[in-house]
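Please look over the sequence and the structure shown here.

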Amino acid sequence: MACPSAGMVLGVLGWGALADRRGERLVVLLGLLGGAALLTAAAFSTGPSTALLLVASGAAGSALYASSGRIVVGWFPPRQRGLAMGIRQTSQPLGVALAAALLLTDAPATTAKSSGAGPSPYRGPILWGLHGASALMVIAQLATAAFALDYLVTEHRLAAVTAGHLLAVIQLAGAVGRIAMGRWSDQAGSRLRPLQATGLACAVLLVGLATASAAGSASAVLLLMLALVVTVSWHGVGYAAVAEAAPQSWSGRAVSAHTLAQNLAAVLAPPAAGLVFGTAGFAGGYAALALPPLAAAALLNVLSRTAPPAAAEAA
């Protein structure tokens with residue numbers, strides 16, 4: 001399960017650099033062809049070779065993440081990017097890949113190939129802060145989702161099938177939440193404020209979930225459902241903030257670095273959460289999970305105060 005994410009960590013920065021220099025269409029096509037070939041080989045392999053091929057397919061598939069965020073920035077004006085990024089984040093990689101390969105035209109701002117030159121935006125704090133805050137938010141998101149089924153079955157005695165159906169509905173609600181938050185950030189004219197508010201909301205919900213779990217209250221189920229929706233709602237806004245904070249010649253690499261930070265967190269979060277839940281129980285585990293989004297909100301607050309006004313407003 002972790003192999004494709006590990007591959008994305010290895011491959012996404014290189015794809016971002018290539019997108020900055022050669023445009024999105026080439027990157028999408030190379031990633032699709034490579035990913036298809038590697039997945040086909042994995043289907044007919046066994047043992048360690050399967051794991052290696054899945055890692056390689058994840059590296060190839062990360063081309064879509066490196067390029068699709070750049071496409072949104074190129075085609076949509078700032079007042080629509082949050083919504084567009086939210087819709088992008090609801091799409092499965094296969095859907096993004098097929099649409100991009102068949103219908104994609106390089107965005108007007110990037111049709112003329114850029115050399116990728118210019119001063120690095122990583123000399124300032126805003127991109128580092130956005131990557132760090134998003135990684136913290138991913139910890140809460142994936143750890144909450146990874147153990148939701150186990151929690152509902154073991155703590156609230158729901159049948160596994162019933163719990164699975166409930167979680168499937170919540171996934172659809174989470175998709176709507178991503179689009180709604182993107183639209184909110186467009187209307188607010190800011191990316192940092194909605195991200196900060198979401199971090200605080202995640203922390204509050206997880207503290208409430210921990211309290212209800214400790215008390216054995218049935219309200220914990222509702223709080224879990226709300227937490228699952230809110231913890232996934234911010235992704236598109238985070239990507240929009242990163243893409244807008246980076247200059248055009250760096251946007252592919254910046255979006256790729258953002259994906260890299262989130263996938264590093266995605267690889268580490270489930271086993272770390274399993275250790276915490278196993279040691280402290282679900283109530284203690286959910287209380288601990290409130291800390292990363294709270295830290296993300298604090299980081300975003302500092303970022304909004306220290307970043308240059310133009311950069312902070314763009315984000």
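## Basis of the report

This is a predicted model, in which local features need pLDDT of at least 70 and side-chain atom pairs count only at pLDDT 80 or more, while totals for chains, interfaces and linings use all residues. Residues are numbered from 1 along each chain as its sequence is written, and side-chain values use heavy atoms, with hydrogens and water left out.

## The chain as a whole

The protein chain has 14 helices and zero strands. Helices (H or I, at least four residues) and strands (E, at least two) are DSSP runs, numbered from the N terminus.

Of the 315 residues in the protein chain, 49% are buried. Buried means under 20% relative accessible area, exposed means over 50%, and partly exposed lies in between, using a 1.4 Å probe and protein chains only. Contact means heavy atoms within 4.5 Å. Among contacts in the protein chain between residues at least 6 apart in sequence, 81% join residues at least 24 apart.

## Packing of H12 and H13

Helix H12 covers residues 251-289 and helix H13 covers residues 291-306; they pack at an angle of about 10°, with their axes 4 Å apart. H12 is therefore roughly parallel to H13. Angles under 35 degrees count as roughly parallel, over 145 as roughly antiparallel, 65 to 115 as roughly perpendicular and the rest as oblique. Axes are lines fitted to C-alpha atoms, for helices over the stretch in contact, and angles run from 0 to 180 degrees between N-to-C directions.

On the H12 side, Ala287, Ala288 and Leu289 meet Leu291, Pro292 and Pro293 of H13.

## Aromatic rings

The structure holds eight aromatic pairs. One of them joins tyrosine 122 and tryptophan 128 edge-to-face, at 5.1 Å centre to centre and 70° between the planes. Rings of Phe, Tyr and Trp (its six-membered ring) pair if their centres lie within 6.5 Å; planes under 30 degrees apart count as stacked, over 60 as edge-to-face and the rest as tilted. Tyrosine 122 is buried, at 17% relative accessible area, whereas tryptophan 128 is exposed, at 53%.

Ring pairs also link Phe147, Tyr151, Phe277, Phe282 and Tyr286 into a cluster. Elsewhere, arginine 253 lies over the face of tryptophan 250, 4.0 Å from the ring centre. A charge sits over a ring if NZ of Lys or CZ of Arg is within 6 Å of the ring centre and within 35 degrees of the ring normal.

## Cysteines

The structure has zero disulfides, a disulfide being a pair of cysteine sulfur atoms within 2.5 Å. Cysteine 3 is partly exposed, with a relative accessible area of 22%, and cysteine 202 is buried, with 3%.

Arginine 157 is not a glycine, yet has a positive phi of about 60°. Arginine 157 is in the loop between helix H7 (148-156) and helix H8 (160-188), and counts as exposed because its relative accessibility is 69%.

Leucine 54 is in helix H3 (residues 48-75) and is partly exposed, at 27%. Not counting residues up to four places away in sequence, leucine 54 touches Cys3, Pro4, Leu39 and Ala42. Alanine 203, in helix H9 (residues 192-215), is buried, at 7%. Leaving aside neighbours within four places in sequence, alanine 203 is in contact with Ala290, Pro293 and Leu294.
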